[in-house]
Structure formats: structure tokens, C-alpha cells
Amino acid sequence: MADVLNKGKKIGIYAGIGSKDARGALLQLAEKLKAPIAHTSRAKDFIEYDNPYNVGMTGMIGIESGFTMLKNCDTLLLLGTDFAWPQFFPEKATIVQVDINLENIGKRHPVNLGLNGDVNETLLQLLPLIDNKTDDDFLRKSVDLHKKTLEKISWLEKGAKAHVIHPQYLAQLLDKHADSDAIFTADGGSAMVWMLRYINTNGQRRTLTSLKHGTMANAMPQALGLKKAFPNRQVISMSGDGGLAMLLGDLLTMTQEKLAAKIVIINNKSLNFVELEQKVEGLLNNYTDLENPDFGKLASALGMFGESVESPEALEDAVIRFLNYNGPAVLNVHTSPNELVMPPNVELNSVVGMGLYTAKAVLHGRSEEAISLIVDNFIRK
């Protein structure tokens with residue numbers, strides 16, 4: 001392993017959840033190798049913060065800098081990750097994998113060298129064998145791209161001036177005003193992406209979402225359980241309007257159990273998609289557009305803080321009031337219904353796939369859905 005890494009020129013490290021106890025050794029190794037570090041979503045809380053080598057995530061929910069680093073390294077070190085998407089691995093690179101689970105070695109992608117062992121113990125034995133590299137060109141370019149990527153996707157400066165509330169802006173305001181040791185949960189789907197991309201960790205904060213399990217409407221029940229377990233910490237749930245609507249009864253639990261969790265609703269009216277599907281398929285004879293209730297007023301009626309926000313310029317003050325409220329609180333934020341979760345790169349086959357799906361939808365009489373997809377995914381871009 002040392003021989004392979006010492007010969008590499010552009011070395012990249014991809015750290016998974018198996019690296020969570022190896023932070024110190026990992027940073028020492030990155031310094032010796034002059035290697036940028038990308039991390040998986042599950043490793044975010046442990047690897048991201050105070051890390052001068054960090055370039056973020058890759059994969060469908062990753063960002064440009066993490067994607068670019070992995071695709072362009074000539075030597076890739078996989079540490080405690082079972083990352084499942086081979087299209088995000090480098091096409092021509094020497095790959096070394098370390099994992100405590102033997103069955104993970106080479107399971108997702110061919111590797112040149114596999115080591116079965118604990119990541120921290122392996123790195124501690126490896127460090128004395130690694131040469132101190134002096135060429136930091138790949139590291140500097142990767143870290144610089146990470147800085148530019150974060151600037152490009154940021155909404156803090158422009159969010160209040162937009163015509164609609166962008167959920168990214170909401171997530172950044174939560175990040176800005178939340179406690180330094182806050183715990184964040186997020187529903188599976190776009191809320192999860194905004195949390196992973198925009199909530200910064202610092203060694204004290206923690207994030208929790210469904211990830212490998214793929215549960216729907218998970219954020220609020222996770223938040224209530226966490227608030228029960230950690231009553232003195234701020235717990236913030238980033239819930240979708242659909243996720244909250246499925247579990248309205250748990251709002252009663254918040255008041256009955258006096259759980260001062262903070263429930264943010266990213267209300268993009270996504271439930272209306274279900275009604276559109278029924279209308280297009282001819283399952284409803286007298287179709288009417290069903291709107292979500294005013295979740296803010298609903299929360300107020302249950303005896304907790306409740307507020308609804310539709311104006312971008314009013315959002316920051318509402319977030320501050322919501323987070324500072326001493327008790328259970330719900331903030332219902334009307335966000336853009338057409339916000340896209342863009343992957344770090346868009347390739348031709350993805351566009352062709354969307355085009356084929358749209359054509360099939362038209363042929364099967366689902367023209368309204370097809371037109372909606374065309375507008376949202378092509379004309380906007």
C-alpha cells in the first residue's frame with residue numbers, strides 16, 4: 001500500500017463512515033500525500049469540519065469539486081466506504097481500498113489492492129512508511145475548486161432578493177442561525193440533499209437522515225426521538241410538506257410530551273403531483289386542485305409556535321423567531337415548486353433518458369405530466 005501511494009502523483013482520498021474514528025490519522029496522511037479528501041454523506045459529520053483537505057461529496061447528491069477530484073486523480077484511496085455508483089469512480093486510476101468488512105473489497109468497483117482491516121489501525125501503521133510529498137498542485141486546484149463550488153451554489157447573498165423562496169436559501173439560514181451543537185434531521189428526497197449540502201458541521205453538530213434505508217417522512221419522528229434523548233440540545237427537522245402531512249398526529253405528541261423540537265416544513269406543494277397523476281390517468285371525474293392546509297395556523301391551534309412564510313425577504317427574521325422560541329415550533333415555508341436537485345455533472349445519457357421518459361409519457365396519454373417535465377427540466381435550464 002505504501003509503495004502504491006508513494007508512486008502516485010495525483011492522489012485522492014474518499015472517506016466513508018468506516019473512517020469516522022480515523023480523523024487524526026486521515027488528516028496526517030492527507031498532509032503527507034498532499035491529497036484532497038472527499039467524503040460520503042454518512043461520513044459528513046466526522047470528516048467535513050476543520051479539514052483543509054476537504055472537497056465535499058461526489059455522487060448524485062454531491063457537488064462539482066468532489067466529483068472532479070475523484071474523476072481526475074491517478075491514485076484513489078477508498079477508506080471505509082461501500083459507495084455504490086461505479087460511474088463516479090475514475091476511469092483510469094490505481095485504486096486501493098481499506099475496509100473492515102472483507103466482502104466490501106472490490107464489491108462496487110474493481111480495485112488494484114485491497115486491505116481488510118480497521119481504517120484507523122491501518123493508517124497508523126501506514127503513516128511511517130509514507131514519503132512526504134512536495135508537489136501540492138493537485139491538492140491546491142481541488143481545494144480551490146471546492147471554494148468556488150461553494151460560492152457558486154450559495155444563496156445567502158441573493159436569496160432574499162429572489163422572486164420565490166429557494167429551499168437552498170432556507171437551509172443556509174438554518175445553518176447560519178442554529179446552535180453550534182444543533183442536531184438536524186431531514187426527510188428523504190430533496191430535503192436530505194439541502195441538509196447534506198448546506199448544513200455545516202463543526203465537530204459538535206450532527207445530521208441524521210434515512211440514507212441507505214430510504215424511509216419516507218422520517219425527519220419529524222427522528223427529531224422527536226432525538227429531542228427526548230437530548231433535551232438540552234436544539235433539534236431541527238427539515239420536513240417536506242408530504243412527510244409532515246403523513247404524520248400530523250405527531251404534532252400532538254410534541255405538545256403532549258413538551259418536546260421543544262423545531263419543525264421546518266419545506267412546502268413545495270409536492271402532494272399535488274399525486275392529484276395530477278390521478279387527473280391525467282382519468283381516475284377523477286370531478287378534479288379539483290387540493291392545497292395543503294396552512295401548517296403554521298394548524299400548529300398555532302395546537303398551542304405551539306406556528307408561522308407561515310411566503311416572502312423571501314421576510315424569511316430570515318422568521319427563521320430567527322422560530323429558532324429562538326422556547327418550546328415546540330413549526331415554520332411553514334412556501335418554497336419554489338420547481339427547484340431541481342442538480343447532480344455535480346449532467347451527461348448526454350441523462351438528458352436522453354429524460355427525453356425517452358417524456359416521449360413515453362406522451363404516448364401513454366400522460367401529456368400534462370410530460371409537459372410539466374419538459375418545462376421544469378429543459379426550458380428552465
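Tutor: Let us start with the strands: β1 and strand β3 (residues 75-79) pair in the parallel sense over 5 bridges. Please keep in mind throughout that this is a predicted model.

Student: What makes β1 and β3 a pair?

Tutor: Two strands pair if there are at least two bridges between them, and β1 and β3 have 5 bridges, in the parallel sense. Within this pairing, G12 stands opposite L76 in β3. By the cut-off of at least two bridges, β1 also pairs with strand β2 (residues 37-39), to which 3 bridges join it, again in parallel; here I13 stands opposite I37 in β2.

Student: Why is strand β1 called largely enclosed?

Tutor: A residue is buried when its relative accessible area is under 20%, and for β1 (residues 11-15) that holds for 5 of the 5 residues, so the strand is largely enclosed by the rest of the structure. In a regular strand the side chains alternate between the two faces of the sheet. In β1, I11, I13 and A15 point one way while G12 and Y14 point the other way, and all are buried.

Student: How do you know that strand β9 is enclosed by the rest of the structure?

Tutor: Strand β9 (residues 262-267) has 6 of its 6 residues buried, so it too is described as largely enclosed. K262, V264 and I266 point one way from β9, whereas I263, I265 and N267 point the other way, and all are buried. As for its partners, strand β8 (residues 235-240) runs parallel to β9 and is joined to it by 5 bridges, with S239 opposite I265. Strand β11 (residues 329-334) pairs with β9 in the parallel sense over 6 bridges, and the bridge partner of V264 in β11 is L331.

Student: What makes the aromatic pair of W194 and Y198 tilted?

Tutor: Among the 7 aromatic pairs of the structure, W194 and Y198 have their ring centres 6.4 Å apart, with 50 degrees between the planes. Ring centres must lie within 6.5 Å for a pair, and planes under 30 degrees apart would count as stacked and over 60 as edge-to-face; with 6.4 Å and 50 degrees, W194 and Y198 form a pair that is tilted. Because W194 and Y198 are 4 residues apart in helix α8 (residues 190-198), about one helical turn separates them. An α-helix has 3.6 residues a turn, so residues three or four places apart point the same way.

Student: Why is helix α8 called mostly covered?

Tutor: Of the 9 residues of α8, 8 are buried; they are A191, M192, V193, W194, M195, L196, R197 and Y198.

Student: What makes K158 count as lying over the face of W155?

Tutor: The distance must be within 6 Å of the ring centre, and the position within 35 degrees of the ring normal. K158 lies over the face of W155 at 4.4 Å from the ring centre, and R233 lies over the face of F230 at 5.7 Å, so each of these distances is within the 6 Å cut-off.

Student: How do you know that the loop residue L127 is buried?

Tutor: L127, in the loop between α5 (119-126) and α6 (137-153), has 9% relative accessibility, and because burial means under 20% it counts as buried. The C-alpha atoms of L127 and K32 are separated by 8.4 Å, although these residues are 95 apart along the chain.

Key
Residues numbered from 1 in each chain as written. Predicted model: local features only at pLDDT ≥ 70, side-chain atom pairs only at ≥ 80, totals over all residues. Heavy atoms only, no water. Phe/Tyr/Trp six-rings, centres within 6.5 Å; stacked < 30°, edge-to-face > 60°. Helix = DSSP H or I, 4+ residues; strand = E, 2+ residues; numbered from the N terminus. Buried < 20%, exposed > 50% of the residue type's maximum accessible area, 1.4 Å probe, protein only.
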